[in-house]
Amino acid sequence: MRIVLATNVYLNSRPERGYSTDYYNIYACLKKMWGDTKLFDYVVREKKIGKEEMNKELLQMVIEQRPDMVILILWGDHFIPSVIDEIGKHTTTVYFAYD
């Protein structure tokens, strides 16, 4: 199974602070269980290229890599709803919340 995990990879979005709990608790488990799991750090990408371009980049990744599932762990208003709808036309989308 191919999975794309869209999350905040670094603690407080700062690579110098090390990996986040999402990286250790979600990504590492998915990688161990399914193998082909790719990370998409939307927080770092948005800071670098902006919200709209980051959304386009995630959509392009989904179109090119054709994952079986995209898991989104959201921390704020980072995604454009129409882009998530478009991703859903190409694969299964799952929203994961810690609540």
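This is a predicted model: local features need pLDDT of at least 70, side-chain atom pairs count only at pLDDT 80 or more; totals for chains, interfaces and linings use all residues.
Residues are numbered from 1 along each chain as its sequence is written, and side-chain values use heavy atoms, with hydrogens and water left out.

Thr 7 is found in strand S1 (helices, H or I, of at least four residues and strands, E, of at least two are DSSP runs numbered from the N terminus). Beyond its neighbours within four places in sequence, Thr 7 is in contact (heavy atoms within 4.5 Å) with residues including Asp 22, Phe 40, Tyr 42 and Trp 75.

Next, select Phe 40, Tyr 42, Leu 58, Phe 79 and Ile 87, which have the most contacts inside the largest nonpolar core, a set of 15 residues (buried Ala, Val, Leu, Ile, Met, Phe, Trp, Tyr and Cys residues joined through side-chain atoms within 4.5 Å). Strand S1 (3-7), helix H2 (42-49), H3, S3 and helix H4 (81-88) each supply at least two residues of this core, and its largest share, five residues, comes from H3. Apart from this core lies another, of nine residues, among them Ile 3, Ile 26, Ile 71 and Ile 73.

Finally, move to Arg 66, in the loop between helix H3 (51-65) and strand S3 (69-72). Arg 66 is exposed, with a relative accessible area of 61%, and its phi is near 50°, a positive value in a residue other than glycine.

Key. Buried means under 20% relative accessible area, exposed over 50%, partly exposed in between (1.4 Å probe, protein chains only).
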